[in-house]
Amino acid sequence: MIHEAGIIIPFTGAGISTESGIPDFRSPGGIWTRYRPIPFDEFLASQEARNESWGRRFAMQEQFGAARPSRGHRAVASLYRAGKAPAVITQNIDNLHQASGIAPEHVIELHGNTTFALCLDCSARYELSWVRQRMDAANGCAPDCPSCGGFIKTATVSFGQAMPDAAMRRAEDLTRSCDLFLAIGSSLVVWPAAGFPLMAKRSGARLIIVNRESTEFDEIADLVVHADIGTVLEPLILQ
Ligand code: NAD
Ligand code: ZN
């Protein structure tokens, strides 16, 4: 199917990054077996929630900071370099598709990026090291934006926070334009992101799902591979 396809759109979830040392959400030992997510309205409502949210982010920094692209990321980058995949749509926030050599404008991030921060009001960008310094100097109190007083949050999309319009539109256009949609390592339960495989099928594309567990969309797929992502995709890696 990959050989026959003209335009492939890879669509990735946390499963492509577990080999890179970043736990997913829903596998045993995943992030949610340890933490309850902090919804967006709680982040806005209390300084404590902001401190907690930043504390968790820094607790994960060792894993995010050390992570390198997996075999799955490298296989996707190979499809991109070969001109088969014009872009990748990802639910991940770990920046590893960019690190694998895909140009940032061709990584469509549905849930944002956790490797930097933004002011929620004026959109000024802040580096995590700056946030950390300010928190350390203020007894663990998360800083507000020095220029406008807005709250500063990692550039990710929390539950209850609006999806990024431009990324959603581009993801829809890409999904409708492809003839092969490759869903890799997503449990396909987080909406609206989970709607893309179905949208691809309805637009006439073939659908391949690679996941070690079954998903709700397995029955509409043209091919389901229940196996380890790195092992399955490694043959696609072009050196
Ligand atoms: P998920 O945790 O719900 O699902 C991950 C899926 O990948 C699971 O179904 C699991 O069976 C599968 N999987 C894990 N490792 C695998 C492997 N080596 N081989 C084959 N299958 C494997 O993740 P999701 O669907 O992406 O949704 C969770 C949300 O959490 C996403 O929206 C994302 O924003 C966020 N998240 C991101 C990261 C990251 O950036 N790396 C990590 C955790 C969560
Ligand atoms: Zn601001």
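Let's start with F11. Leaving aside its neighbours within four places in sequence, F11 touches I89, Q91, L110, F181, L182, A183, I184, S186, L188, A193 and F196. One caution before going on: this is a predicted model.

Now the largest nonpolar core. It holds 24 residues. F11 is among those with the most contacts inside this core, along with I89, L110, F181, F196 and I209. Which elements give two or more residues to it? They are β1 (8–12), α7 (165–177), β7 (180–184), α8 (195–202) and β8 (206–210). The top contributor is α7, with four residues.

On to the sheet. It is open, with three strands in the order β5-β4-β6. The pairing is antiparallel. Why is one side of β5 and of β6 left without a neighbour in the sheet? Both β5 (125–126) and β6 (152–156) stand at the edges, each with a single partner strand, so one side of each has no neighbour there.

Look at the pairing of β4 with β6. Strand β4 covers residues 112–119, and five bridges join it to β6. These two run antiparallel. In β6, I152 is the residue opposite C119.

Last, the helices on these strands. Helix α2, residues 47–59, lies across β4 and β6. Its angle to β6 is about 50°. Helix α6, residues 128–137, lies across β4, β5 and β6. Helix α6 runs at about 60° to β4.

Definitions and conventions: Residues are numbered from 1 along each chain as its sequence is written. Chains are lettered from A and ligands numbered from 1 in the order in which they are written. This is a predicted model: local features need pLDDT of at least 70, side-chain atom pairs count only at pLDDT 80 or more; totals for chains, interfaces and linings use all residues. Side-chain values use heavy atoms; hydrogens and water are left out. A nonpolar core is a set of buried Ala, Val, Leu, Ile, Met, Phe, Trp, Tyr and Cys residues joined through side-chain atoms within 4.5 Å. Buried means under 20% relative accessible area, exposed over 50%, partly exposed in between (1.4 Å probe, protein chains only). Contact means heavy atoms within 4.5 Å. Two strands pair if DSSP finds at least two bridges between them. Axes are lines fitted to C-alpha atoms, for helices over the stretch in contact, and angles run from 0 to 180 degrees between N-to-C directions.
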